[in-house]
Amino acid sequence: MASKDRILRLKEETRINILEAALQIVKEEGWQALSMRKIADVIEYTAPIIYEYFASKEAIILELTRKGFLILARDMEAAKEKHHLPAKQLEAMWLAYWNFAFAEKELYQVMFGVNTNCCELAKIIPESEAPYDLIAEALEKMMTQPTEDEVCTKYFTFWSVIHGLISINLVNRGRSEEMNHEVLKTAITGIIRTIND
C-alpha cells in the first residue's frame, strides 16, 4: 500500500512541476513562448511524458487559469472577512483583485485575455464564477430588494473600470502607482455611492 501512495505522490509532484515549469517559462518569455518541448526541457523529462499528464498545451493553460481563479477567490475571500460592512467588503475585495492582478500578472493575463488569446478558456472553468459570487453577495446586502440584473449591472460596472485600469497598466500605458491607486479608490468609492440611488 505504501508504494501505491508513493507512486500517487510522485505523479502529483510531477504534475505540479509541469505547471510550475510552464508558469516559469511564461514569466520569463511570455505566453506565446510556451510549448510542451520547453516545459520538458525545464523539468528534464521528454515531451511524451508530459502528454501523460496533460493532453495538450491548452490543457496546461486551462489548469493554470483554474489555479489563477482559485488564488483570486482565496485572496478576495480573505479581504472580505476582514470587514463587516458590505461597502468595506466591496472595497477590500476589489483592492485584493487589483493586488492579485499585479502579483500574479501572468495568471491574470491568461484568465482575462490581456495580451493573450486564452480568455475563452475561463468560460469553461466553474472556479471563474467565484469573484462574481463574492462581489454579488456584498452587493445584495447593500441593495434594497436587488434584482439579478441590478446586481449584475453593478458588478460589471466595477469590473469594467477596475479591469480596464489593470489592463492599461499591464500593457505599460498606466501612470504612476500613486495615481493608479487614487483612480482605483475613486472609482470604487464612486460606484459604491451609486448603489441604491
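This is a predicted model: local features need pLDDT of at least 70, side-chain atom pairs count only at pLDDT 80 or more; totals for chains, interfaces and linings use all residues.
Residues are numbered from 1 along each chain as its sequence is written, and side-chain values use heavy atoms, with hydrogens and water left out.

So what is it built from? The protein has nine helices and zero strands; these are DSSP runs numbered from the N terminus, with helices being H or I of at least four residues and strands being E of at least two. Along the principal axes, the C-alpha atoms fill a box of roughly 60 × 45 × 25 Å. As for contacts, meaning heavy atoms within 4.5 Å, take those with a separation of 6 or more: 65% of them join residues 24 or more positions apart.

Now the inside. The largest nonpolar core has 58 residues, and the ones touching the most other members are I39, I60, L90, W94, Y97, L139 and F158. By core I mean a set of buried Ala, Val, Leu, Ile, Met, Phe, Trp, Tyr and Cys residues joined through side-chain atoms within 4.5 Å. Helix α5 gives the most to this core, with nine residues. In soluble globular proteins, nonpolar side chains tend to be buried together. Zoom in on I39: leaving aside neighbours within four places in sequence, I39 is in contact with I18, A21, A22, I25, L34, I50 and I60.

Staying with α5, how does it pack against α6? Helix α5, residues 86-103, meets helix α6, residues 105-112, at an angle of about 105 degrees, and their axes are 5 Å apart. The axes are lines fitted to C-alpha atoms, for helices over the stretch in contact, and angles run from 0 to 180 degrees between N-to-C directions. That makes α5 roughly perpendicular to α6, because 65 to 115 degrees counts as roughly perpendicular, under 35 as roughly parallel, over 145 as roughly antiparallel and the rest as oblique. On the α5 side the contact uses Y97, F100, A101, F102 and A103, and α6 brings K105, L107, Y108, M111 and F112.

Next, α7, residues 130-142. At 1.5 Å a residue, its 13 residues should span 18 Å, and the end C-alpha atoms are 19 Å apart, which agrees; the expected span is 1.5 Å times one less than the number of residues. Buried in α7 are P131, Y132, L134, I135, A136, A138 and L139, and what covers them includes α4, α5 and α8.

Over in α8 we find K154. Buried or exposed? K154 counts as buried, at 17% relative accessibility. Not counting residues up to four places away in sequence, K154 touches L139, M143, T194 and I195.

Most residues other than glycine have a negative phi. E44, not a glycine, has a positive phi of about 60 degrees, and Q145, not a glycine either, has one of about 45 degrees. E44 sits in the loop between α2 and α3 and is exposed, at 72% relative accessible area. Q145 is in the loop between α7 and α8 and is exposed at 73%.

Conventions: Buried means under 20% relative accessible area, exposed over 50%, partly exposed in between (1.4 Å probe, protein chains only).
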